[in-house]
Amino acid sequence: QVQVVESGGGLVQPGGSLRLSCTASGGRFAINAMGWYRQAPGKQRELVAAITSGGTSNEADSVKGRFAISRDNAKNTAYLQMNSLKPEDTAVYYCGADEDYSAIRTGEYHYWGQGTQVTVSS
């Protein structure tokens with residue numbers, strides 16, 4: 001059974017930076033897609049950024065130029081570097097993982113973490 005664990009959330013001032021990590025472990029097959037999603041209070045979960053093991057990535061328009069996703073395949077770990085944070089970035093950030101590459105387009109991940117809270121406030 002694959003376990004997904006996120007870390008790196010916290011409280012940061014507007015304009016600040018945070019780096020989130022997501023590690024998938026325990027699976028028999030390669031994890032080929034990993035994605036970051038976020039959910040703010042009263043809102044639906046939305047895609048932030050996603051990446052395949054081959055390096056193909058996509059990201060939401062709202063974070064382009066501020067956030068960057070990367071991946072260490074040897075560690076089955078995806079990172080989300082978040083710069084120039086805004087109060088509207090406040091949310092619980094979730095990581096999804098899947099063996100299927102197409103998950104970065106469909107959002108249909110089999111494995112999810114518990115989430116990590118990011119709060120942007122002065």
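1. Asp 98 is part of strand β9 (residues 91-98); strands here are DSSP runs of E of at least two residues, numbered from the N terminus. The model is predicted, with local features needing pLDDT of at least 70 and side-chain atom pairs counting only at pLDDT 80 or more, whereas totals for chains, interfaces and linings use all residues. Residues are numbered from 1 along each chain as its sequence is written, and side-chain values use heavy atoms, with hydrogens and water left out.

2. Asp 98 has a relative accessibility of 2% and therefore counts as buried (under 20% relative accessible area, 1.4 Å probe, protein chains only). Beyond the neighbours within four places in sequence, the contacts of Asp 98 (heavy atoms within 4.5 Å) include Ile 31, Asn 32, Glu 108 and Tyr 111.

3. The side chains of Asp 98 and His 110 are joined by a polar contact of 2.6 Å (a pair of N or O atoms within 3.5 Å; within protein, one must be able to donate a hydrogen and the other to accept it, and residues adjacent in sequence count only if both atoms are side-chain atoms).

4. Strand β8 (residues 77-82) is largely enclosed by the rest of the structure, because five of its six residues are buried.

5. β8 pairs antiparallel with strand β3 (residues 18-25) over six bridges; pairing requires at least two DSSP bridges between the strands. Within this pairing, Leu 18 has Met 82 as its bridge partner in β8.

6. Strand β7 (residues 67-72) also runs antiparallel to β8, joined by six bridges, and Arg 71 is bridged to Ala 78 of β8. Four residues separate β7 and β8 in a hairpin, where Asn 76 in the turn has a positive phi of about 50°.

Key. Buried means under 20% relative accessible area, exposed over 50%, partly exposed in between (1.4 Å probe, protein chains only).
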